[in-house]
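User: Could you walk me through reading this model? I would like to start with confidence and then move on to contacts.

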Amino acid sequence: MSAVSSSGWLYGAIQRRRNRGLGGLYLVVAAFLILYAVLFPGILSVGGFSKFTQNWFPLALVTMAQALLMLNGGITLAIGPLVSLGAVIAATTMEGVFGVPGGIVAVAFTGLAIGAVIGAIVAHLRLPAIIVTLAGSFIITGVALILLPRPGGFIPDWLSNMLAGHTPVAFLLLVVVLLAWKAFLATPLGLGIYAAGDNPVGAFRSGVPVERAKIVAFALSGLLAALAGLFVAAQTGSGDPVIGTPFTLNSIAAAVLGGVGFLGGKGTMRGAICGSLLLSVMINVMFFLGFPPVAQYIAQGLIIVGAVAVPELLKSWRAKR
Amino acid sequence: MKTFENNPSASLRSRLFAGAAMAMGLLALSAGTASAAANCIKGDRKAPYTVGWANIYSVPTWMKQTEGTIAAEVEELKKAGLVKDLMITDAQGNAQTQIQHIQSMIDANVDAIVVIAGSSNALDRVISDACDKGIAIVNFDSLVNTDKVTAKINTDSGEWGAGAAKWLSDQLGGKGKIIVMNGPAGISVSDDRRKGAQPVLDANPDLKIITETNTEYNAAPAQEAMTSLLFANPEIDGVLSLGGAISAGSIMAFDRQGREQVPVTGENARQFLELWKEKGLKGWATMQPNWLGALSVYTAVQALEGKDVPAFIKVPLPVIDDSTIDSYLARADQFPADGYIYSDYDQALFDKLLAQK
């Protein structure tokens, strides 16, 4: 993983250093994936793999949406409501004159716009992101409930079957999103998101447009959350104005599990994605191990603490040597 | 009641019954009447079956008791050789996790799934996937939209509200000042019960509603709400309380203030029933029977055995009044202090419910 092919010695060294902190997490995730494949070999079939990645996909997207902001030194509590709103808009617009493309554009635009507005308030009024997004989450929930007071709406079957059928389309989309993130990081603005999170003053003095980077980070985060909502709508075949709620906390848990720090600049997107994968595969593994629900609550906590502790223990063990 | 009595004939009865059911299943198969099979059933699954119980949230007492009836029913069916395993999941209130659990149950190739839905729409696709695989799906209490299930089982919330309002109106001679205590706002059960009460209230214009409350289905918040209402209203003739342990909170509020108790409706919460008897007041209660869970497992197994089961099983609301309350309180110690004393059930009742068309 760490042996990056080209790009010179410095790049390789930096990637190695960034991956090192994640070694423990990779081990834990790999162990769970292997255990899952042993318990349920069907995961290795196309259908099984597709279904598993479909259940993971929205969590992976919202974890990216969260990690993006945490890397920038922010946080958002509006993830869940944005997922709900994305699902509601998808389920209410796809029947309209513009059909599915219109619905997708509407969802994407809404996510971008809401994210940008929140980002502008945070950046220019210098208000804490946690307060602005908390307030935003109430407003967005309200709007979703007005648009669709109770679960319903309509998603064409072909779209549901394409995104969440028996093919790994969701997984391929995730790969595309990750490649896009990689490409974005290579641009000055992409790097600026990291830099502004790590050391805002230093970044500003080096010519990084700190405020613009923040607004872009919020807008992209909003886009990812709303698209996760679109996927949830396709997966369930309808909209539900409160279905996203648990995603807020889970996105933070997955990002932190993946080594993304609360203070900005620390962490990697691949770590966050691994964190979300662990949260998702854990549910299935506990099911196949036949854990009773009460034990699942406890095991879940232990796994999360363990996954955070293992890398730390490895680090101190390495330092002692 | 087979859950709590050590009745030796119960297992014998069920064993005899199981034999009969199996014979019937064989008959159905040999006669080739595939059309008589219930929804989702393909007839390729053989006993003993694995049953999955996909719960949305296991923490509330009502859920724990419901799970208790499911586990008890599975034990009975195990003795009859019809079930070999019960898999239980708890989605911790997250509909998305419930989808993942049901998908895992499909992956594990369970034979039947019993489910209380966390969202009326979100589970539709995964449930119809399970149905396509020939898995018997029985959905109870909180229902899904899709009709691709073997059976849906529930009571009627509208009748609940109507029954409660009717009794209170009769008690008060159709005249007086009442307070309506609802469950949480925006919850469909709570809405539906209130809606069911409305026609009765409309028909009795002399029954004046002083005010309405919305609280959780627990005693404490209800007591708090009623306490402030008592200060504001010197004259209250009756309390129309629509579920949970709300009625218990109301009675305790009256008691604390030293006010004379008035007729009150409610649910089968043990707290309420005990206060009802202790204070000697006029009461009426119905219930969402916990054994809907047991009935669901039984229905799923019957369907797998090739029996035709109704697509919707409407369970009549059992009623507790002054004449029957003693029979409930006699069994109180078998139920948790904050639990629900549900009505008796047995195989015969289930068969009767399954036979209705």
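**Confidence first**

Analyst: Happy to! This is a predicted model, and in chain B pLDDT stays under 50 over residues 1-35, a stretch for which the model has 37 contacts beyond four places in sequence.

User: How should I read a stretch like that?

Analyst: Where pLDDT is low, the predicted coordinates should not be read in detail. For chain B, the average pLDDT is 88, and 89% of the residues score at least 70. For the complex, the predictor gives an ipTM of 0.87 and a pTM of 0.85.

User: How many residues does each chain bring to the contact between A and B?

Analyst: Chain A brings 23 residues and chain B brings 22. On the chain B side, strand S2 (83-90), helix H3 (95-107) and helix H4 (124-132) each give two or more residues. H3(B) gives the most, with nine residues. By class, that side of chain B has twelve polar, six nonpolar and four charged residues.

User: Now for helix packing. At what angle do H4 and H11 of chain A cross?

Analyst: Look at the axes: those of H4(A) (residues 79-93) and H11(A) (residues 210-236) come within 7 Å and cross at roughly 50 degrees. That angle is why H4(A) counts as oblique to H11(A). The crossing is right-handed.

User: Which residues make the contact there?

Analyst: From H4(A), they include Leu82(A), Gly86(A) and Ala90(A); from H11(A), they include Gly222(A), Ala226(A) and Leu230(A). Sorted by class, the contact of these two helices has 14 nonpolar, four polar and no charged residues.

Conventions
Residues numbered from 1 in each chain as written. Chains lettered and ligands numbered in written order. Predicted model: local features only at pLDDT ≥ 70, side-chain atom pairs only at ≥ 80, totals over all residues. Contact = placed C-beta atoms within 7 Å. Helix = DSSP H or I, 4+ residues; strand = E, 2+ residues; numbered from the N terminus. Nonpolar A, V, L, I, M, F, W, Y, C, P; charged D, E, K, R; others polar. pLDDT = per-residue confidence, 0-100. Axes fitted to C-alpha atoms, helices over the stretch in contact; angles between N-to-C directions. Parallel < 35°, antiparallel > 145°, perpendicular 65-115°, else oblique. Left-handed = near helix turned anticlockwise from the far one by under 90°.
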